[in-house]
Amino acid sequence: MNLNSTELLRSIKKKKLSYFGHTKRHESLQKLILEGKVDGSRGRGRRRKSWTTNIAEMTNMRVNAAAKAAKEREGWRSMVSNLFKEKEPS
């Protein structure tokens with residue numbers, strides 16, 4: 001399967017959003033790890049984007065709203081699949 005860079009990026013974002021929905025629907029160690037905070041501070045330089053910031057930017061929703069939407073499996077799946085169909089380059 002030969003994907004160009006935009007299709008590859010779209011595929012990665014879709015999988016990331018699907019995994020977000022999966023973890024939000026279950027009480028598990030994965031959810032605890034993804035939502036957890038680490039004590040201390042980061043080093044100097046440009047701040048790295050967090051996983052939740054990426055989710056918020058991809059969905060154009062706040063993280064809390066995205067988490068509520070992810071609780072409904074079918075609605076979340078349709079939103080994720082339609083999200084990238086709208087943004088295809090012309």
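Which residues do ring pairs link into a cluster? In this predicted model, the cluster is made of F20, W51 and W76, which are joined to one another through ring pairs.

**The chain as a whole**

The secondary structure of the protein chain consists of 5 helices and 0 strands, so that, read from the N terminus, its elements follow the order α-α-α-α-α. Of the 90 residues of the protein chain, 19% count as buried. The accessible surface comes to about 7500 Å², and 50% of this area belongs to carbon and sulfur atoms. Among the contacts between residues at least 6 apart in sequence, 68% join residues at least 24 apart.

**The aromatic cluster**

The structure holds 2 aromatic pairs, and F20 takes part in the pair with W51 as well as in the pair with W76. The rings of F20 and W51 have planes at 50°, with 5.6 Å between their centres, so this pair is tilted. Because F20 lies in helix α1 (residues 5-25) and W51 in helix α3 (residues 51-59), the pair ties together parts of the chain that are 31 residues apart in sequence. The pair of F20 and W76 is likewise tilted, with 5.7 Å from centre to centre and 45° between the planes. Here too distant parts of the chain are linked, since F20 belongs to helix α1 and W76 to helix α5 (residues 73-86), 56 residues apart.

| Aromatic pair | Centre to centre | Angle between planes |
|---|---|---|
| F20 and W51 | 5.6 Å | 50° |
| F20 and W76 | 5.7 Å | 45° |

W51, by contrast, is partly exposed, because its relative accessible area is 23%, a value that lies between the limits of 20% for buried and 50% for exposed.

With a relative accessibility of 57%, L32 counts as exposed.

Technical notes: Residues are numbered from 1 along each chain as its sequence is written. This is a predicted model: local features need pLDDT of at least 70, side-chain atom pairs count only at pLDDT 80 or more; totals for chains, interfaces and linings use all residues. Side-chain values use heavy atoms; hydrogens and water are left out. Rings of Phe, Tyr and Trp (its six-membered ring) pair if their centres lie within 6.5 Å; planes under 30 degrees apart count as stacked, over 60 as edge-to-face and the rest as tilted. Helices (H or I, at least four residues) and strands (E, at least two) are DSSP runs, numbered from the N terminus. Buried means under 20% relative accessible area, exposed over 50%, partly exposed in between (1.4 Å probe, protein chains only). Contact means heavy atoms within 4.5 Å. Accessible areas come from the Shrake-Rupley method with a 1.4 Å probe; for residues, only the protein chains shown count as cover.
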